[in-house]
Amino acid sequence: MPRAPQRHHRRWLRPAAVAAAALTAWTAAPSAAAPLPPDGTRPAHCSRIDAAKVPGAARQQASCLDELTTAGTVASGHTDPADWAGLTPEGLATPRGVPGIQIDGYFPDTSTTNTNHGWNHDSQFVIRLPDHWNGGLVVSGAPGVREQYANDRAFGDWAVSQGYAFAATDKGATSATFHRDGEAPGDALAEGNHRVTQLTRAARQVVARRYQRPPTRTLAMGMSNGGYLVRWQLENHPELYDGGVDWEGTLWRTEGPNLLTFLPPALRHYPAYAAGGAGAEQAHRAMKAAGYPAGSEFLWPFHHQYYWDLTQRIYREELDPEFDGATEAGTPFCAPGTPACDADYAYADRPGKVRKAVAKIALTGRIGKPLISFHGTYDVLLPISRSSDVYAQLARREGRGHLHRYYRVEAGTHVDSLADAFPGRVRPLVPCHRSAAAALERWLDHGVRPPSSRTLKLPEGAGPEKLLTHCPLNG
């Protein structure tokens, strides 16, 4: 079925049980580049700004910044706090003192959901080039349906503070209407893979021009949908990367499991569980059978209110738009149990063309470069037993287990800001990213293999401050 015509919509406002800022459609307009001194000389970090041209870009603008981290880019207009709202704990430290060049721009594209900078143009990217370069490059794609600044707090700040050049893409389509992009089901999601490949190739050239030598290490990093992109890149373009870090990556498998197999049972059974009464125990068993682990029940109300229905609907619209026809923006989601509602969606019963759409984005586990994955055991958006557990099995089955390390983080959930809402019950995953990145560096540079794959137990008696800074991979 042809996709609905493309049209301009306001950006999707992420749910904000953990951050009021997520309810604000704040769009940053970049400030002008730092002015030149009266004598015409350039600051040190502007010395090669003219060489920082992005090959293939339809538009780009470079700015000399005294601060490339969010400690400065929020005020200068070179990031969008709404894009990363709710993804990290409130107490996450912000590194400072990273001057350099930032390039904002976009590649040729026909869709217009990304309104950043007033461009109304998708395939937007950001590239940051710190003055003090460590020789490496980190490339990422946005999680969920967010935009190119979504990783800034989670690991973009960390990357530039460590001396990495950093590049990120919006994946080519954003917002809850991303599924309107493309000519056929699955096209919009598949475009995300292409955009990361495109940006990686371009960013490697930008780095070589800016620093007058190519990067010695190129790493793919991402969370959620961004973690999926890491996996796909290492499976399909390992020649572009030296390794990757996968933070709770989404799993797409043609025959399942995937989002469309485990979200409908949650929509179907949670209301009966929440209502109590005679059917509650049976509904509880059904939820656990669908992958939602015992002990995570305190997280279910938030996800039922904000995530499950919306996530199921927009990704089903992308991959199976004929189920109930494309919904227009603003149409309320149907209530569980009503005809053609996604709570009653049964992936196994859908026509073969739905699997054909999923096949465009399916993962195999055949990674060609070292990959470190980690995932929270209390993830109730992408249940670990239906996602990363399965991907680890795929990698081993394909004979790639020697390239993969996988850490199950006890009590971690899908968005780290929930650690603020449930202190001591939810473990933030951001320190696990730092540990994984350091372990990957040692693996690549010195041949020191990370600790074997394992479950990282929640430390007894550890307070929120320690949990925010410690995640040893040796358990």
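This is a predicted model: local features need pLDDT of at least 70, side-chain atom pairs count only at pLDDT 80 or more; totals for chains, interfaces and linings use all residues.

User: How do α6 and α7 cross, at what angle?

Analyst: The axes of α6 (residues 259-275) and α7 (residues 280-289) come within 8 Å and cross at roughly 150 degrees. Angles over 145 degrees count as roughly antiparallel, so that is what α6 and α7 are to each other.

User: And which hand is the crossing of α6 and α7?

Analyst: Left-handed. On the α6 side the contact is made by Pro265, Ala266, His269, Tyr270, Ala272 and Tyr273, and α7 brings Ala280, Ala283, His284, Ala286 and Met287.

User: What kinds of residues are in the contact of α6 with α7?

Analyst: There are 9 nonpolar and 2 polar residues, with no charged ones.

User: Switching topic: how many residues of α3 are buried?

Analyst: In α3 (residues 152-161), 9 of the 10 residues are buried. Among them are Asp152, Arg153, Asp157 and Trp158. After α3 comes Gly163, with a positive phi near 100 degrees.

User: Now Arg217: buried or exposed?

Analyst: Arg217 is buried, at 12% relative accessible area. Arg217 sits in strand β6 (residues 217-223).

User: What does the side chain of Arg217 make a polar contact with?

Analyst: With the side chain of Tyr164, at 2.6 Å. Arg217 also touches other residues, including Asp242, Glu441 and Asp445.

User: How far apart are Arg217 and Asp445 in sequence and in space?

Analyst: They are 228 residues apart in sequence, and 9.3 Å apart in space, C-alpha to C-alpha.

Notes
Residues are numbered from 1 along each chain as its sequence is written. Side-chain values use heavy atoms; hydrogens and water are left out. Axes are lines fitted to C-alpha atoms, for helices over the stretch in contact, and angles run from 0 to 180 degrees between N-to-C directions. Helices (H or I, at least four residues) and strands (E, at least two) are DSSP runs, numbered from the N terminus. Angles under 35 degrees count as roughly parallel, over 145 as roughly antiparallel, 65 to 115 as roughly perpendicular and the rest as oblique. A crossing is left-handed if the near helix is turned anticlockwise from the far one by less than a right angle, and right-handed if clockwise. Contact means heavy atoms within 4.5 Å. Ala, Val, Leu, Ile, Met, Phe, Trp, Tyr, Cys and Pro count as nonpolar, Asp, Glu, Lys and Arg as charged, and the others, Gly among them, as polar. Buried means under 20% relative accessible area, exposed over 50%, partly exposed in between (1.4 Å probe, protein chains only). A polar contact is a pair of N or O atoms within 3.5 Å; within protein, one must be able to donate a hydrogen and the other to accept it, and residues adjacent in sequence count only if both atoms are side-chain atoms. Lists of a residue's contacts leave out its neighbours within four places in sequence.
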